[in-house]
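These notes are meant for someone opening the entry for the first time. They are set out as numbered points, beginning with a question.

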Amino acid sequence: MAGRVTAVSCNSTYSFSKPNREYVTLLAGLGVEGDVHAGETIRHQFRMRYEPDLPNLRQVHLMHEELFDELALKGFDVSAGQLGENITTRGVDLLGLPTGALLHLGGQAVLEVTGLRNPCAKINDFRKGLLGEVFALDPVSGEFTFKSGIMAVVRHGGPVRPHDPVEVELPPTPHRPLERV
């Protein structure tokens, strides 16, 4: 199955969840038009307090819809936009992408993948116990697993709608694995 967008979401105010929209417009170098996290410098509420001038590597948050299927099997009812993502996809291994991968969305928009979303404790406020399902320590390797999506910056703007195709363009090798941003 080819990758596709299943939902788009944005919110002009800080809140944990974002309402679904018919479409969003991506703005080059900024993020989702009208979204509270859009901007050239960091817009994350906590990080703005101590690193306000850092470049915004978290302009767009993408989440794979397959995570919701996995969570449902564990008794958690979660749907698009509820974990704060802007773009929900299906059929794309978002977590397996390397840093710098380009995502072509619809006919115009291009995102550059910058890293993994670091889940915050607010996830447990949304659904008690959910943080443990999207953030886990591998007992063998000692490495953390982050499943709550990826972050990207907008390289080329344009509208994005549910059902738009998602095409992945990998960067030159060697690939760098995603790290938290």
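Is Asp69 buried, partly exposed or exposed? Asp69 is partly exposed, with a relative accessible area of 37%; buried means under 20% relative accessible area, exposed over 50%, and partly exposed in between (1.4 Å probe, protein chains only).

1. Basis. The model is predicted, so local features need pLDDT of at least 70 and side-chain atom pairs count only at pLDDT 80 or more, while totals for chains, interfaces and linings use all residues. Residues are numbered from 1 along each chain as its sequence is written, and side-chain values use heavy atoms, with hydrogens and water left out.

2. The salt bridge of Asp69. The side chains of Asp69 and Arg90 meet in a salt bridge (2.8 Å, N to O); the term stands for a side-chain nitrogen of Lys or Arg within 4 Å of a carboxyl oxygen of Asp or Glu. Asp69 lies in helix H2 and Arg90 in strand E6, so the bridge ties together parts that are 21 residues apart in sequence. Helices (H or I, at least four residues) and strands (E, at least two) are DSSP runs, numbered from the N terminus. Arg90 counts as buried, at 16% relative accessibility. Glu65 joins Asp69 and Arg90 in a network of salt bridges.

3. Other salt bridges. The whole structure holds six salt bridges. One of them joins Asp35 to Lys18, with the closest N and O atoms 2.8 Å apart. Asp35 is in the loop between strand E4 (31-32) and helix H1 (45-50) and Lys18 in the loop between E1 and E2, so this pair ties together parts that are 17 residues apart in sequence. Both Asp35 and Lys18 are buried. In another, the side chains of Glu70 and Lys147 meet at 2.7 Å, N to O. Here the link runs from helix H2, which holds Glu70, to the loop between E10 and E11, which holds Lys147, 77 residues apart. Glu70 is partly exposed at 29% relative accessible area, whereas Lys147 is buried at 18%.

4. Which residues of helix H2 (residues 66-73) are buried? They are Leu67, Phe68 and Leu71. These residues cover an arc of only 100° around the axis, which puts them on the same side of H2; the arc is that of the directions from the helix axis to the C-beta atoms. An α-helix has 3.6 residues a turn, so residues three or four places apart point the same way. The buried residues of H2 pack against E5, strand E6 (87-90) and helix H4 (131-134). After H2 comes Gly75, which has a positive phi, near 90°.

5. Leu83. This residue is in the loop between H2 and E6. Leu83 is buried, with a relative accessible area of 0%. Leaving aside neighbours within four places in sequence, Leu83 is in contact (heavy atoms within 4.5 Å) with Phe16, His61, Met63, Phe68, Val78, Arg117, Phe126 and Leu130. Leu83 and Ile123 are 40 residues apart in sequence, yet their C-alpha atoms are 7.4 Å apart in space.

6. Nonpolar cores. A nonpolar core is a set of buried Ala, Val, Leu, Ile, Met, Phe, Trp, Tyr and Cys residues joined through side-chain atoms within 4.5 Å. The largest has 26 residues, of which Leu26, Ile87, Leu103, Leu105 and Leu111 touch the most other members. Elements giving two or more residues to this core include E1, strand E3 (24-27) and strand E11 (150-156). The largest share, four residues, comes from E8. Among the residues that Leu111 touches, not counting those up to four places away in sequence, are Leu26, Val60, Ile87 and Val153. A second, separate core of 14 residues includes Met63, Phe68, Phe76 and Ile123.

7. Aromatic pairs. Rings of Phe, Tyr and Trp (its six-membered ring) pair if their centres lie within 6.5 Å; planes under 30 degrees apart count as stacked, over 60 as edge-to-face and the rest as tilted. By this rule there are two aromatic pairs. Phe16 and Phe126 form a tilted pair, 5.5 Å centre to centre with 35° between the planes. Phe135 and Phe146 also form a tilted pair, with 5.2 Å between centres and 55° between planes. Phe135 is partly exposed at 26% relative accessible area, while Phe146 is buried at 10%.
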